[in-house]
Structures are given as structure tokens and as C-alpha cells.
Amino acid sequence: MTHELPYWFEAVSLAVMGLVLVADLVIVGRRPHVPSMKEAGTWVAVYVGLALVYGLIVWWVGGIQPAGEFYAGWLTEYSLSVDNLFVFVIIMSRFAVPREHQQKVLMVGIIIALVLRGAFILAGAALIEQFTWIFYFFGAFLVYTAIKLVSGGDEDEEFKENVAIRGLRRVLPVSDGYDGAKIRTVVDGRRLWTPMLVVFVAIGTTDLLFALDSIPAIFGLTQDPFIVFATNLFALMGLRQLYFLLGGLLERLVYLPVALAFILGFIGVKLVLEALHTNEVPFINGGEHVAWAPEIPIWLSLGVIIGSLAIATVASLLRTRGRAHAGAGTQEPADS
């Protein structure tokens, strides 16, 4: 549902969040470096703390329902963003981006993704307003995505350049090497674009492809466009620091895809049930509402999301720790 959050609150929120992003970009641009684990961890904690505090402010301004939807949406988008980091690591490796400039690449890519996601969110909100039956489509798509995640059909061994990147390479003259973090350089008297521009487009458009499942997922938790955009913004704000914090830990989260599949499947079923509950499609139950279809409360959705992520994280760490111990045990006889 759409909540009656005051317009001044939404305007101030977007202005403050925009200023935070701009300040972050300025800091990265002035001091490109590889952040330490302590620095990255501190900033991740700051952004997570900001999201938690903001949820309390939403509770104070609008009540428990929009606050619960914000927390559920933010956790879902954040967990899906963690999964996106696998692909970001591959992109950085594929284009051989210098480590000290990877922060800027992530930040610019995130801003590109926010602009594109904003368009997606507005389009999705307009469709939902006009065509309630689209929940059937969103729900079926999320269940299909969940099945692909579990079956491994969504896993790619290497990054594949999408249409936008291939088109960019054909249209623009691109140099062979980087020139710091610049997107334009001069080679033999010719003005060329550097591979940094291609990387920016790769990060931004790849994240947009991930939005094909994350946007329907968040609309399954709330139909308020402002909350949808706020959850996406908060999820993306800490992504740059999370990239450097997780590092090799990403490889240990072996059950994260299973948890994400369960969450997407749950939200997909929730969307279908909601569509049945408010059904207006003529060939389903004669265009009447389906009385037995329950409405899943937001507290249950929040519990499922938190529980799935917690179980997947603990199980992943336990499994990979056991492998590490087994590996160490098999090496001992060879050393003696």
C-alpha cells in the first residue's frame, strides 16, 4: 500500500541522502586509495546504522507499517546487493581496474544504477497503479528466478559484456590502457576514451540487470514508491565499502544463493496471494476476489528475511570452516 508520509519528510530525506552520496563521491575523487579493513568496516557500520536509525524515524513519522516495510525492503535489497558483489569482483578483474581506483568505479556505477533504478521504480509504480494483475507476473517471475538460483542456472563462470558495452566499444574510440581514473586521455595526439568509461557502464548496466529481480521483490513488500526508492538507495550506499570489507569472505557465503532463492520465492508467492486477494482478472474466479487467499503481514515477511539470511550465513561459515580444517589436516603429513 501507499502510505501518507508527509511530502516534506520525503523531500528532506531524498535531499539528505543525495548529499551523502555526493559527499562520498567527492571524498573518493580527492583521495583514491585501497581502504583498509578497519576503514571499510567502519563505513559499513555507519551506513547500516544510518539505515536502522532512518527506519526508526519512518516509524516515528508514519507508523510501524511503513517502518516495517522499509526494514524488510532494505534487508532484501542489501542481501541481493551482496550477491551482486560477486559479479563486480569479476568485472574489476576482467577490465584489470587498478585497486586504488576501484572505489571511484563502484561509486560512479552506483550513481548510474540509482538513476536507472529510479526510472524502473517509477515505471513499476505506474503499472501497479493501473494494472493490479501485474502482481501475477511479478510473482511468477520471482518464483522462476528463485528456481534458477537454486538450480544454478543463474551462475556465470565469467562476466559477459552486455549490449550497451559492446555498442559503446563500437561507437567510441577507446585506448588500450588507463590514465589514472580519467575517462578521457590523449594518445599520439588523439583524444580517446579510456577503459574506465567502459567499466563505469559495465557496473551501472550490470546492476540494472540485477534490478530485474530486486525491483519486483521490493514491490512485493511495499507498493510505496518512496519507500521502494529509499530502500534501494540505502542498500547501494554502503555497497562500495562492503566490496572491500568482504573480499575473500564472499567465497565463504556458499549458501547465500539458497537464502536469496528462498526469499525471492517467498515474496513471489506473497505477490501471487496478494493478487488473488485483490483479483480483478475476469478469467480467475469470475473476476471476483479469492476469499481464501491470505494477506501475509509485513512482520512475517521481515521474520522470514532475517531468519533466512541468518541461517545461510551461519551454515556457510560452519561449512567453509570445516573445509579449511580438513585442508589443513591433509597437508600436515606432507610437511612432516
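Predicted model: local features only at pLDDT ≥ 70, side-chain atom pairs only at ≥ 80, totals over all residues.
1. Start with helix 9. Its buried residues are L239, R240, Q241, L242, Y243, F244 and L246.

2. One partner of helix 9 is helix 2. Helix 2 covers residues 37–62, and helix 9 covers residues 239–246. Their axes come within 8 Å of each other. The crossing angle is roughly 140°. The two helices are therefore oblique to each other. Angles over 145 degrees would count as roughly antiparallel. The crossing of helix 2 past helix 9 is left-handed.

3. Which residues meet where helix 2 contacts helix 9? Helix 2 supplies M37, A40, G41, W43, V44 and Y47. Helix 9 supplies Q241, L242, F244 and L245. By class, this contact holds eight nonpolar residues, two polar residues and no charged ones. Q241, L242 and F244 from this contact are also listed among the buried residues of helix 9.

4. Next, helix 5. It has 18 residues. From first C-alpha to last, helix 5 reaches 26 Å. That is close to the 26 Å expected at 1.5 Å a residue. Its buried residues are I134, F135, Y136, F138, G139, L142, T145, A146 and L149.

5. Helix 5 also packs with a partner. For packed helices in general, the description rests on the angle between the axes and the distance between them. Here helix 5 (residues 134–151) and helix 11 (residues 256–277) have axes that come within 7 Å. The axes cross at roughly 160°. Helix 5 and helix 11 are therefore roughly antiparallel to each other. Helix 5 passes helix 11 in a left-handed crossing. The contact has 19 nonpolar residues, four polar and one charged.

6. Last, a backbone point to check by eye. Most residues other than glycine have a negative phi. A96 is not a glycine, yet its phi is positive, at about 50°. Where does A96 lie? A96 sits in the loop between helix 3 (64–94) and helix 4 (102–130). Is A96 buried or exposed? Its relative accessibility is 54%, so A96 counts as exposed, the cut-off being over 50%.

Terms used
Residues numbered from 1 in each chain as written. Heavy atoms only, no water. Axes fitted to C-alpha atoms, helices over the stretch in contact; angles between N-to-C directions. Helix = DSSP H or I, 4+ residues; strand = E, 2+ residues; numbered from the N terminus. Parallel < 35°, antiparallel > 145°, perpendicular 65-115°, else oblique. Left-handed = near helix turned anticlockwise from the far one by under 90°. Nonpolar A, V, L, I, M, F, W, Y, C, P; charged D, E, K, R; others polar. Contact = heavy atoms within 4.5 Å. Expected span 1.5 Å × (residues − 1). Buried < 20%, exposed > 50% of the residue type's maximum accessible area, 1.4 Å probe, protein only.
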